[in-house]
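Have the model open beside the sequence as you read.

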Amino acid sequence: DWLLRIRDPRLLATLFTSVVFALIAVFFLLRPGDDGSSLLSPSDQVAEGELDLFSTGVVICGVLYFLGWMLFNQLAATSLSIERQAFYILKVAPISASQLLRSKTFGIFAPYAIIISIGMAVGLFILNFSLLWAPYGWLVLMIMGYGLLAFLVSVGFLYPNLEWDDPRRMSNRKATMPVLIGSFLYSLVGVFVALATYALAHGQQAYAVPIVIMGLALLAGGTWLFVHTRANKVEAAWARIGTE
């Protein structure tokens, strides 16, 4: 898929557009206001040692997750549509819909993981947020990122557009609302679990390690169940995909 996108200037242009929009969105999120403050500015109202759910590390993780969605949501949602007529070769190949879904997801997740890891390292070096909590934030971004991308790829499987001529019209309009609503709901639940774990561990520091482990296990288990459910839905619809 990536070789195809790089070889075809039209497909490369759609990727470039996603990058531009993502950078613009992050700029507006982080730009200083009229008083010189921004999301990355430390809060003067939080005393040392108190819980701050909007600390620099939390904001960095949130911005990176949003950046990942901006960069890869269209690529994930069109991961099957990009095949066009070659899709029918895949359909008769000796692979299951779940296997194809998983391979497409990993194809998008790999660059996501690289970019997020670099972003975390750069943010940690420049802004010097909590080194102790950085691994937790990274794991949350990896788990939630995979769940989000797997969901987006599954929507693209259920609503493919295999008749496109212009890559800018590769998306199926029927997928727009499922993508937005599903991404929001999954992210909302994932962020709630991640922040609740962070808050609970901060308040019960003697039990911080088991609390973090249980929180990550809950997030990973919930994501696995979500991804498994989406894979089953794709399997059930596989016979009719491409025939409508």
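Start with helix 3 (residues 56-77) and helix 5, which pack at an angle of about 155 degrees with their axes 10 Å apart. That angle makes helix 3 roughly antiparallel to helix 5. Angles under 35 degrees count as roughly parallel, over 145 as roughly antiparallel, 65 to 115 as roughly perpendicular and the rest as oblique. The axes are lines fitted to C-alpha atoms, for helices over the stretch in contact, and the angles run from 0 to 180 degrees between N-to-C directions. Helix 3 passes helix 5 in a right-handed crossing. A crossing is right-handed if the near helix is turned clockwise from the far one by less than a right angle, and left-handed if anticlockwise.

This is a predicted model: local features need pLDDT of at least 70, side-chain atom pairs count only at pLDDT 80 or more, and totals for chains, interfaces and linings use all residues. Residues are numbered from 1 along each chain as its sequence is written, and side-chain values use heavy atoms, with hydrogens and water left out.

Which residues of helix 3 and helix 5 meet? From helix 3 come Thr56, Ile60, Cys61, Leu64, Tyr65, Gly68, Leu71, Phe72, Leu75 and Ala76. Helix 5 brings Ile108, Pro111, Tyr112, Ile115, Ile116, Gly119, Met120 and Leu127. By class, this contact of helix 3 with helix 5 has 15 nonpolar, 3 polar and no charged residues. Contact means heavy atoms within 4.5 Å. Ala, Val, Leu, Ile, Met, Phe, Trp, Tyr, Cys and Pro count as nonpolar, Asp, Glu, Lys and Arg as charged, and the others, Gly among them, as polar.

Now step back to the whole chain. Its secondary structure comes to 8 helices and 0 strands. Helices (H or I, at least four residues) and strands (E, at least two) are DSSP runs, numbered from the N terminus. Buried residues make up 45% of the 244 residues. Buried means under 20% relative accessible area, exposed over 50%, and partly exposed in between (1.4 Å probe, protein chains only). Of the contacts with a separation of 6 or more, 80% are between residues 24 or more positions apart.

Turn next to helix 6 and helix 7. They pack at an angle of about 160 degrees, with their axes 10 Å apart. Helix 6 is therefore roughly antiparallel to helix 7. The crossing of helix 6 past helix 7 is right-handed. On the helix 6 side, the contact includes Tyr136, Val140, Ile143 and Met144. On the helix 7 side, Gly182, Ser183, Tyr186 and Gly190 are among the residues that take part. The contact of helix 6 with helix 7 has 15 nonpolar, 6 polar and no charged residues.

Helix 7 has 28 residues, which should span 40 Å at 1.5 Å a residue; its end C-alpha atoms are 40 Å apart, which agrees. The expected span is 1.5 Å times one less than the number of residues. The buried residues of helix 7 include Val179, Val193, Ala201 and His202. Helix 3, helix 6 and helix 8 are among the elements that cover the buried residues of helix 7.

Helix 8 (residues 208-237) has 30 residues and reaches 43 Å from its first C-alpha to its last, close to the 44 Å expected. Its buried residues include Gly215, Thr223 and Arg230. The buried residues of helix 8 pack against helix 5 (97-127), helix 6 (134-158) and helix 7 (176-203).

How do helix 5 and helix 8 pack, and at what angle? The angle is about 130 degrees, with their axes 9 Å apart. Helix 5 and helix 8 are therefore oblique to each other. Their crossing is right-handed. Ala97, Ser98 and Leu101 in helix 5 meet Ala231, Val234 and Glu235 in helix 8. These residues divide into 4 nonpolar, 1 polar and 1 charged.

Arg240 lies in the segment after helix 8. Arg240 is partly exposed, with a relative accessible area of 36%. Leaving aside neighbours within four places in sequence, Arg240 is in contact with Lys91 and Leu158. Tyr159 is found in the loop between helix 6 and helix 7. Tyr159 is partly exposed, with a relative accessible area of 30%. Not counting residues up to four places away in sequence, Tyr159 touches Asn172, Lys174, Ala175 and Pro178.
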